[in-house]
Amino acid sequence: MTLSFDPNTISLPVGHFIGGRLIPAEAVIDMHRPSDGKAYAGCPLADAAVVDHAVETAKKALRTSNWGGVRPRERTVALQRWADLIEAEAETLARLEALSSTRPIGHLVAGDIAVTAEQIRFFAEFADKEGGDLVPTDDTNFGMIMTEPYGVVGAITPWNFPLSMAGWKLGPALAAGNAVVLKPSEMTPFSTLYLAELSVRAGLPAGLVNIVLGDGPTTGNAITGHPGIAKVSFTGSTAAGSAIMTNIARTGVKPMTLELGGKSPQLVFADADLELAAGAIAGSILSNAGQACVCGSRLIVEAKVADALAAALVERLAVIRPGPTWDEATDYSPVISERQIARMDGIIRAAIDGGAECLTGGRRLDREGYFYAPTLMSGVTATSPAVLEEIFGPVLTIQTFEDEEEALSLADHPAYGLAAGLFTRDLSRAIRVTRRLQAGTVWVNRYGRSRDHILPTGGYKQSGIGKDLGREAYLANRKSKSVLISL
């Protein structure tokens, strides 16, 4: 199929999706396309009343459909139909997402959209395969642990992978028998709206999936503080996660899953396959222009091979095809906004003022849109802003070490612990270092997720609470009840 398209011909859904239909709403938030910087649409702002309507609609849908109480296989089959329809509508979803986001359309059909369908199928299978437990007691009692849905789950997703992140939230929550009120980023809402429409076309009861548009301070706070929301799931920055925790504490107590920021190290030992390492490290920083919470943005390399690895990386970072996200030939993404370009460039300038050197990049690309050159920085210290701050862009720093202890010391970030990479041919070292790395995910001789959805993701320290994906995500969407019966 030919994926490239004219961005000015796309018809956009504008409004909130509540109760199985699009509710028109006035657009009040200006939107700009990252690929060319042009204003092209507006996003509505759901206030507390709109969020309350979505929550009440979700509650009614749960009551009338008995979604949480039907034969679990019925949930499985309905979700599988939804996944099939996501694949069938991949081209439309890809165009809607490519228009507003940083995701090149050529990456979306085979990547994000296919993975989202797989995730829905993966969680669908948990519905009739995960249940309670009988537990050992004495002969005069019968003990068991029952699980049941929470009810209405509130979800908030980021702009960097709109469809994938929606799948992370909707899949386990719906499979576990809940309804969802979800707020996508106000910068990338359109593909999520269409995803919700497809859920109803696939036969999921209307009102189980509700999408409200808006920003964090108004719409996000209305969701996380709503008394009818039984559980919150959020992916985004650590600062936003902290604000959500504060709002939940202020308005009540409820469980939450927070997948937050990262500043992930990639450790390369001298015995590593340097070609493999260079390819994986460059791929991490180039993918979505480094705009991923797990981006491996801190290279920590044994001194004796540092120059060779740096040279290999400079070569790889130079081979990019920047372009608009609606061109299927594009393989290098824009940055999400002018504001983010300015923030990133400010951090780089501050690092240079502190003695760092740009081996490549360190500048905006000379073209329309929000494009920044892949950047490799040496001469940074542990206190450099380029090392400490989550840049969320195509910026990689290099630090060197002499021995394993120094490598681990450099890898241990004071705030973040989301992911880490490790490159070595020594199996004993790989296991030993993995055990000591303070990160929720460690990749050895690779960097980045595969399609093994059974592996959960989540961080240590300020990188989050709880897990997305895996069995853990399904169980996090059900509450447990201990039962003891006297015989």
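The legends below describe close-up views of a predicted model. In this predicted model, local features need pLDDT of at least 70 and side-chain atom pairs count only at pLDDT 80 or more, while totals for chains, interfaces and linings use all residues. Residues are numbered from 1 along each chain as its sequence is written, and side-chain values use heavy atoms, with hydrogens and water left out.

**View 1. The annotated residue Glu-259 in its strand.** The "active site" annotation in UniProt, from an unreviewed entry, covers Glu-259; such annotations may be inferred rather than shown by experiment. Glu-259 is found in strand β11 (residues 256-259), where strands are DSSP runs of E of at least two residues and helices are runs of H or I of at least four, both numbered from the N terminus. Glu-259 counts as buried because its relative accessibility is 2%, buried meaning under 20% relative accessible area with a 1.4 Å probe and protein chains only.

View 2. Strand β18 (residues 419-423) pairs with β19 in the parallel sense over four bridges, pairing requiring at least two DSSP bridges between two strands. Ala-419 stands opposite Thr-441 in β19. From β18 the chain passes through helix α14 (residues 427-436) to β19 in a right-handed β-α-β crossover, that is, with the strands pointing away from the viewer, the path from the first strand over the helix to the second runs clockwise.

**View 3. The largest cavity.** About 80 Å³ of space lies in this cavity, a cavity being a set of points on a 1 Å grid over the protein atoms alone where a 1.4 Å probe fits but cannot get out, and lining residues having an atom within 4 Å of a point. Grid points are joined across faces, edges and corners, and the volume is the space filled by probe spheres set on the points. Of the 14 lining residues, Pro-172, Lys-231, Ser-233, Asp-468 and Asn-477 are the closest to the centre of the largest cavity. Helix α5 gives the most to this lining, with four residues, and β7 (152-156), α5 (162-175) and β10 (231-235) each supply at least two.

**View 4. The second largest cavity.** This cavity holds about 60 Å³ of space, and its lining includes Gly-262, Lys-263, Cys-293, Cys-295 and Glu-390.

Key:
Buried < 20%, exposed > 50% of the residue type's maximum accessible area, 1.4 Å probe, protein only. 1 Å grid on protein atoms, 1.4 Å probe; cavity = no way out; pocket = protein on both sides within 12 Å on 5 of 7 lines; lining within 4 Å.
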